[in-house]
Amino acid sequence: MKANNQAASEGTEDGWRLPNQTPSLEEAHRTIAIPKELGFWRKLLAFSGPGYLVAVGYMDPGNWATDLAGGSKFGYSLLSIILLSNLMAILLQSLSAKLGIVTGRDLAQACRDHYSKPVVLTLWLLCEIAIAACDLAEVIGSAIALNLLFGIPILWGVCITALDVIAVMYLQNKGFRYIEALVIVLILSIGGCFLIEIILSRPDVTAVLGGFIPKLEVIRNKEMLYIAIGILGATVMPHNLYLHSSIVQTRKYEQNTEGRAEAIKFATLDSSLALMFALFINAAILIVAAAAFHSHGQNEVAEIQDAYKLLSPTLGATLASTVFAVALLASGQNSTLTGTLAGQIVMEGFLNLRLRPWVRRLLTRLLAIIPAVICTALYGESGTARLLIFSQVVLSLQLSFAVIPLVIFTSDRKKMGKFVNPTWLKVLAWLTTGIIVVLNLKYLLDWSGLTQLIARLFH
């Protein structure tokens, strides 16, 4: 009885309709031990990994188009928007980790428990569409990189990238740490590539630092505001919130108040450090675009292929274009790895669907890869930029349906017990949610042409 009361006070069962019987990502659940005797740094290392899998989504090929457009058109001015987006991401991912650690449920499982069946099915469908859209950007990004590096046609490149599911299956059978290690190596590769690009492009350091200071011009200038909204819309990925709330449960922390508090602390540190690295990547893309293109009067570079072709002649270094394509390939492959995991978590969480691991992964991969193959076959190489932008629009449409439940659940004392969001965090979380919802709504209205229609009606 005492144990049940303690569990209820910690928010592990009280406030939920259904018992928490099936763990999220069952084959990896609590497989990584966290010895009590470890010091701070070794414990941080033991908890590190999930944050980097999440950070991948913040540097995927879908972000590249907005960062390239922003840097080439407006120089360093939109670095402040990248910083703001990253701070929002850090807050939301910390809430996602806390939900998973405290309740033992991922966000999809929490939605299945809290909402009615029709709502759950609707949320699942929307999430599957978002994952397919996100995967569309990642697969196309990888295919573009293969085309640029090796001349492989885009359609064949898309098919080749589908093989990442085999890598996920193999590595997950070896142990979840192997997946984390591969992802971290790819992230470091992207970081190394852009460090080389920054050195080659020689940006104005004073102007770069000044770009991180917010400016009213971003709001006044319609074109700048549009790209700023695109950067915000492309940064916070809905599937990352589902992913993070699940993979933090791969750690075998103590199932009591002290153990959960420690796990939250280290999981937040892990994701915050990883997302700061993602901030560097996104900022680096914009800085390179500003230094290489904007400074030389090339203000309309938004296509990834155009950036690749222009980098070497502009910077005077043949290495620049190759390094750029290698970073793009690493970014795309990294994102598809985590997208495959997210698809499995979402399907299991919302539907409570229990299939053999290889069947689940193959099914979730097909749901994502088939639209990418169809779209690439229909539009070809010339339509890749439109497809990347379209994928970000679909993501922005779904984002609110992931963020709002997350904030509701973590602000509910019955569900979270003593780990419920304090008042200041609730205010900050709802303010962040409001900004994201409004800006994504604006992005959707602009994309659909409704903004102009409304403006004409009121003039």
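This is a predicted model: local features need pLDDT of at least 70, side-chain atom pairs count only at pLDDT 80 or more; totals for chains, interfaces and linings use all residues.
**View A. The aromatic pair of W64 and F194.** The rings of W64 and F194 are arranged edge-to-face, with 5.3 Å from centre to centre and 65° between the planes. W64 belongs to helix α4 (residues 61-74) and F194 to helix α10 (residues 176-201), and this pair links distant parts of the chain, 130 residues apart. Both W64 and F194 are buried.

**View B. The aromatic pair of Y115 and F409.** Here the ring centres of Y115 and F409 are 6.0 Å apart and the planes stand at 45°, so the pair is tilted. Because Y115 lies in the loop between α6 and α7 (117-150) while F409 lies in helix α19, the pair ties together parts that are 294 residues apart in sequence. F409 has a relative accessibility of 0% and therefore counts as buried.

**View C. A cluster of rings.** F40, W41, F47 and F266 are joined into a cluster by ring pairs.

View D. Of the 8 residues of helix α6 (residues 107-114), 6 are buried, so the helix is largely enclosed by the rest of the structure. The buried residues are L107, A108, Q109, A110, C111 and D113.

**View E. The crossing of helices α14 and α17.** The axes of α14 (residues 238-247) and α17 (residues 319-351) come within 9 Å and cross at roughly 80°, and the two helices are therefore roughly perpendicular to each other. On the α14 side, H239, Y242, L243, S246 and I247 take part in the contact, and they meet T338, L341, A342, I345, V346 and F350 of α17. Sorted by class, this contact has 8 nonpolar residues, 3 polar residues and no charged residues.

**View F. The surroundings of S411.** S411 is found in the loop that runs between α19 (384-410) and α20 (413-416). Its relative accessible area is 16%, and because buried means under 20%, S411 is buried. A polar atom of the S411 side chain lies 2.7 Å from the backbone oxygen of V407. When neighbours within four places in sequence are left aside, S411 is in contact with V420, N421, K426 and W430.

Technical notes:
Residues are numbered from 1 along each chain as its sequence is written. Side-chain values use heavy atoms; hydrogens and water are left out. Helices (H or I, at least four residues) and strands (E, at least two) are DSSP runs, numbered from the N terminus. Buried means under 20% relative accessible area, exposed over 50%, partly exposed in between (1.4 Å probe, protein chains only). A polar contact is a pair of N or O atoms within 3.5 Å; within protein, one must be able to donate a hydrogen and the other to accept it, and residues adjacent in sequence count only if both atoms are side-chain atoms. Contact means heavy atoms within 4.5 Å. Axes are lines fitted to C-alpha atoms, for helices over the stretch in contact, and angles run from 0 to 180 degrees between N-to-C directions. Angles under 35 degrees count as roughly parallel, over 145 as roughly antiparallel, 65 to 115 as roughly perpendicular and the rest as oblique. Ala, Val, Leu, Ile, Met, Phe, Trp, Tyr, Cys and Pro count as nonpolar, Asp, Glu, Lys and Arg as charged, and the others, Gly among them, as polar. Rings of Phe, Tyr and Trp (its six-membered ring) pair if their centres lie within 6.5 Å; planes under 30 degrees apart count as stacked, over 60 as edge-to-face and the rest as tilted.
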